[in-house]
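Q: Please take a close look at the sheet in this model. How is it put together, what packs on it, and what surrounds the ligand?

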Amino acid sequence: MDQQLYDFGMIGLGVMGRNFLLNVADDGYGALGTDINEESVSALNEEGKEMRVKGVSTQKEFVSLLSKPRKIMMLVPAGSIVDKVIEGLLPLIDEGDVIIDGGNSHYDDTNRRYEYLKTKNIRFLGAGVSGGAKGARLGPSIMPGGDRSAWEVVKPILETVAAKVNGEPCVTYIGESSSGHYVKMVHNGIEYGLMQLIAEAYDILKRVGGMGNDEMSELFAKWNKGRLNSYLIEISASILKRRDDQTDEHLLDVILDKAKQKGTGKWTSQSAMDLGVPVPTIDCAVTMRAISAFKEYRQDNSKLYVDIHPELPDLHGEGLAESVEKALYFSFITCYAQGMQLLAEASVDMKYDLDLEGIARIWRGGCIIRAEMLEKIRHAYGTREGLKNMMATEEFRHDLFDCREAIVEVTHQASERGVPTMCMSTSLQYFDAFRSERLPLNMVQAQRDYFGSHTYERLDQKGVFHTAWDAQVIHKAGDETDRLGPKETGVVDPTDTQKA
Ligand code: 6PG
């Protein structure tokens with residue numbers, strides 16, 4: 001009887017779910033799936049007919065065919081469907097069984113489900129899974145967080161299924177509660193940033209450099225052999241050379257320039273704002289998707305502001321490609337740096353106790369942001385206890401130094417021609433802001449104190465101060481200076497939190 005039971009179950013047999021299950025079965029585990037869509041169930045039975053794979057139509061049969069403790073993963077659209085699936089399972093499963101939500105759920109939802117399922121003695125993992133359909137089949141990067149004992153139960157299966165880099169599996173226990181989904185969300189925020197940066201590099205090469213798609217494809221392929229080596233550069237090289245079946249043009253040239261989004265990049269920005277962590281490259285990537293959606297406005301404005309900049313010659317063949325490579329590498333560093341710093345701060349704030357070295361390690365393979373530079377990032381976090389921002393390390397200092405002149409030049413050339421480089425320019429600004437000992441925010445503090453008595457601190461004395469700024473104005477007007485002026489200037493009681 002036991003022999004007929006399956007080791008691992010999947011609810012949601014879309015292409016991701018099916019591929020993940022087939023991957024589980026590749027490694028000799030019995031893999032069982034179910035879906036409300038009959039076609040998906042049949043597709044699994046067809047694709048897995050040579051393996052220990054089975055698709056069934058009802059949750060009841062599904063649950064009855066799994067070995068205990070049951071290991072049930074869901075790959076269904078994030079949101080209320082996840083809750084519905086859980087509610088459907090609860091009457092059928094036993095205490096101690098494990099449920100894994102492998103979708104891109106919001107971490108707040110994962111926290112809620114984790115606490116709820118704890119009351120039912122069901123062990124819950126919120127696991128980010130990255131790598132798309134191909135990754136699911138061949139080896140994704142998996143970021144499971146939640147019940148530690150659940151991790152121990154599924155660890156052997158997830159470690160076999162995950163991508164491997166130098167023999168190390170791209171999966172590790174991330175931490176308590178929603179930490180796995182939080183880390184996946186930040187992964188996606190970085191993904192948004194990198195994608196937009198590559199898009200800007202393409203636009204600069206095309207509109208500043210006058211390069212054609214095939215030439216750019218070769219350039220990207222060359223970059224992919226160097227320090228920019230990454231999945232996103234690799235697929236961009238392939239995208240650039242692809243021809244359209246219908247028109248025989250480059251397919252890229254006939255794709256509408258409006259980018260959609262499912263929300264994880266925006267959530268990253270929202271969470272970063274809440275925690276007070278600057279992630280401007282990611283924010284700008286989200287903003288650019290929003291701007292892209294206003295196609296009609298852009299069309300109207302392009303007519304309104306035509307001829308705003310002089311006709312400048314293409315910079316083709318004048319070292320532009322080399323400069324863009326440097327600008328892109330510089331921006332990639334800042335983008336990862338922002339995401340990693342957000343994780344460092346969230347780890348403290350949300351008590352996730354994240355191992356940043358481990359996260360960089362499992363992002364080296366399988367996932368969308370996998371890149372050679374993650375090895376360097378892993379090393380930076382692995383060798384420095386408490387490191388928050390990797391821009392503060394000697395190895396990245398050298399790279400940023402080396403590339404700064406190029407990014408200044410490239411963004412300048414693009415601006416002169418009206419080519420937007422929102423993310424690239426912001427990456428440069430982020431770097432310059434973070435290396436400025438003094439920022440002009442003394443002015444902001446003075447303004448706040450001026451109009452709202454919000455107080456300020458001083459460079460030369462401890463304490464909290466307020467100035468009666470209006471006094472000067474009143475003095476000029478020749479009226480009540482003496483009465484309102486200097487008497488209001490001075491140290492503020494620090495317990496007066498209302499003002500501070
Ligand atoms: C991954 C991806 C994936 C995500 C897509 C689409 O890691 O495999 O991040 O989880 O769904 O990238 O995201 P957007 O629709 O928001 O671009």
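A: This is a predicted model. Its open sheet has seven strands, in the order E3-E2-E1-E4-E5-E6-E7, and the pairing is mixed. E3 (53-56) and E7 (141-146) stand at the edges. Each has a single partner strand, so one side of each has no neighbour in the sheet. On average, neighbouring strands are turned by 25° against each other, direction ignored.

Strands E4 (residues 71-74) and E5 (residues 98-101) run parallel and are joined by four bridges. In this pair, Met-73 stands opposite Ile-100 of E5.

Two helices that pack on the sheet come next. Helix H4 (residues 80-89) touches E1 (8-11), E4, E5 and E6 (123-130). The direction of H4 makes about 155° with that of E4. Helix H8 (residues 179-207) also packs on the sheet, touching E5, E6 and E7. The direction of H8 makes about 15° with that of E6.

H8 leads on to the ligand. This helix gives the largest share of the ligand's shell, five residues. In total, 14 residues surround the ligand. The closest are Ser-130, Lys-184, Glu-191, Tyr-192 and Arg-289. By type, the shell divides into two nonpolar, eight polar and four charged residues.

A polar side-chain atom of Ser-130 lies 2.5 Å from a ligand oxygen atom. For Tyr-192, a polar side-chain atom lies 2.5 Å from an oxygen atom of the ligand. Gly-132 uses its backbone: an N or O atom there lies 3.3 Å from a ligand oxygen atom. The protein covers 80% of the 420 Å² of accessible area that the ligand has on its own.

Methods:
Residues numbered from 1 in each chain as written. Predicted model: local features only at pLDDT ≥ 70, side-chain atom pairs only at ≥ 80, totals over all residues. Heavy atoms only, no water. Pairing = 2+ DSSP bridges. Axes fitted to C-alpha atoms, helices over the stretch in contact; angles between N-to-C directions. Contact = heavy atoms within 4.5 Å. Near = heavy atom within 4 Å. Polar contact = N/O pair within 3.5 Å; in protein donor to acceptor, adjacent residues only side chain to side chain. Areas by Shrake-Rupley, 256 points an atom, 1.4 Å probe, with all protein chains shown as cover. Nonpolar A, V, L, I, M, F, W, Y, C, P; charged D, E, K, R; others polar.
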